[in-house]
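Hello,

Here is the structure I said I would pass on. My notes on it follow below.

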Amino acid sequence: MKSVIFLFIIIVLFFSGCSAKKELIPEQLPITPESNEPKPNMKPVGFNEIDGFYRDDLTHALDVFKKDCKKSKKNELFKNVCQKAEYETDGAKFFTVNFQPFKLLDEDSLDEGIITGYYEPLLYGSLKKNNRYKYPIYKTPKDMVIIDYASDDPEIKTYKLRGKLVNNMLVPYDTRAQIENNPNKNLEVIAYVDNKFDLFLLHVQGSGKVLLNNGELINVGYAEQNGRKFKGLGTYMLEKGYISKDELSAQGMKKFIDKNPEKADEILNQNESYIFFHKSNQGATGSLGTPLTAKRNLAVDRKVIPLGMPVFLSTKNPVDKKPINQLMVAADVGGAIKGNIRADFFWGYGEDAFAYAGKMKEKGKMYILMPKE
């Protein structure tokens with residue numbers, strides 16, 4: 001059996017990769033006191049060197065920081081400042097007294113990276129399948145086998161291995177196409193929705209709301225992933241001539257698929273990754289474990305920025321190109337969010353948020369605020 005498990009680990013690691021916002025949700029890694037020292041990819045700066053810092057609503061930023069402290073205070077790095085935040089009402093005073101800002105730099109010592117956006121989608125659905133509502137939101141399959149790899153190596157223990165038993169052998173779990181074309185008794189449905197691409201966007205975002213035809217609004221959140229590698233659809237659609245470079249956005253892809261539903265399976269199945277959900281009592285929740293605040297929370301690469309860290313972001317609005325200069329809190333992670341200067345800006349919920357998130361791919365600068373103690 002040990003050899004079977006070992007073979008399974010090799011197979012699944014081969015197939016596994018990055019997926020939606022919450023494909024992998026490892027526990028927050030402990031940060032030693034040495035982590036307070038600036039890394040080579042950080043440059044200490046003064047608050048007066050950060051464009052727009054004092055013009056931001058820092059009291060609102062403090063409120064968000066307090067909210068996220070409910071979880072981040074478990075990290076020794078934030079324990080003291082979270083205690084101080086409880087009794088503070090002046091945001092500018094709190095952040096300037098208790099933190100030292102550092103500008104993030106990439107491997108080439110450049111200070112600009114890529115800022116994308118995400119949101120919480122609204123779908124329309126029903127508890128019963130019919131001609132309109134026919135695309136299922138599935139719970140975690142009953143036959144899925146999940147292995148948390150135990151190791152002292154933090155690079156390894158953050159991964160989950162996923163598969164299923166077939167003839168007493170552990171094999172990788174089904175692909176997107178297999179799940180959709182061969183539903184089985186192990187798949188339980190939360191609700192059925194009316195648009196296949198909107199359901200795909202729900203998979204990418206990791207959580208959302210469903211307005212049922214009986215008037216009830218339910219929240220669905222990430223539960224699990226099938227272990228298959230995530231693959232973006234934009235390049236494929238460009239190569240096939242389905243969209244132009246000017247249409248390369250979530251909105252452009254949705255427009256094509258809505259007009260050409262017969263192409264939906266061909267396009268969507270290029271991405272073998274599949275997300276399973278659970279009903280939730282609250283809206284979008286980040287990997288930190290707190291509800292996300294629109295325009296004040298970021299998804300980051302936790303190898304660079306610990307969850308709970310205040311991050312001042314300088315970028316542009318993707319629609320009107322006006323500057324965005326404001327203090328955020330890192331509260332989420334993403335499969336595609338990798339690198340020193342890389343973040344996903346949470347725009348909020350619904351169609352208005354989609355209008356911004358789907359088009360956002362802007363250059364940006366990031367400053368982390370490191371607790372002084």
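Helices and strands here are DSSP runs, numbered from the N terminus. Please keep in mind that the model is predicted.

I begin with a loop. G286 sits in the loop that connects β12 (275-280) with β13 (297-300). Buried means under 20% relative accessible area, and G286, at 6% relative accessibility, therefore counts as buried. Along the chain G286 and A331 are 45 residues apart, yet 5.5 Å separates their C-alpha atoms.

Next, strand β3 (residues 113-120). Seven of the eight residues in β3 are buried, so the strand is mostly covered. Strand β3 pairs with two strands that I looked at. With β17 (residues 361-371) β3 runs antiparallel, joined by four bridges. With β16 (residues 342-349) the pairing is parallel and has six bridges. I114 has a partner in each: K363 in β17 and R342 in β16.

Last, the nonpolar cores. The largest has 73 residues, and the members that touch the most others are F65, F95, I305, F345, M366 and I368. Strand β15 (residues 323-333) is the top contributor to this core, giving seven residues. Leaving aside residues up to four places away in sequence, F345 touches I115, T116, G117, Y118, K295, N297, L298, L313, I324, Q326, M328 and M360. There is also a second, separate core of 14 residues, with I190, V193, L202 and L212 among them.

Regards

Technical notes: Residues are numbered from 1 along each chain as its sequence is written. This is a predicted model: local features need pLDDT of at least 70, side-chain atom pairs count only at pLDDT 80 or more; totals for chains, interfaces and linings use all residues. Side-chain values use heavy atoms; hydrogens and water are left out. A nonpolar core is a set of buried Ala, Val, Leu, Ile, Met, Phe, Trp, Tyr and Cys residues joined through side-chain atoms within 4.5 Å. Buried means under 20% relative accessible area, exposed over 50%, partly exposed in between (1.4 Å probe, protein chains only). Contact means heavy atoms within 4.5 Å. Two strands pair if DSSP finds at least two bridges between them.
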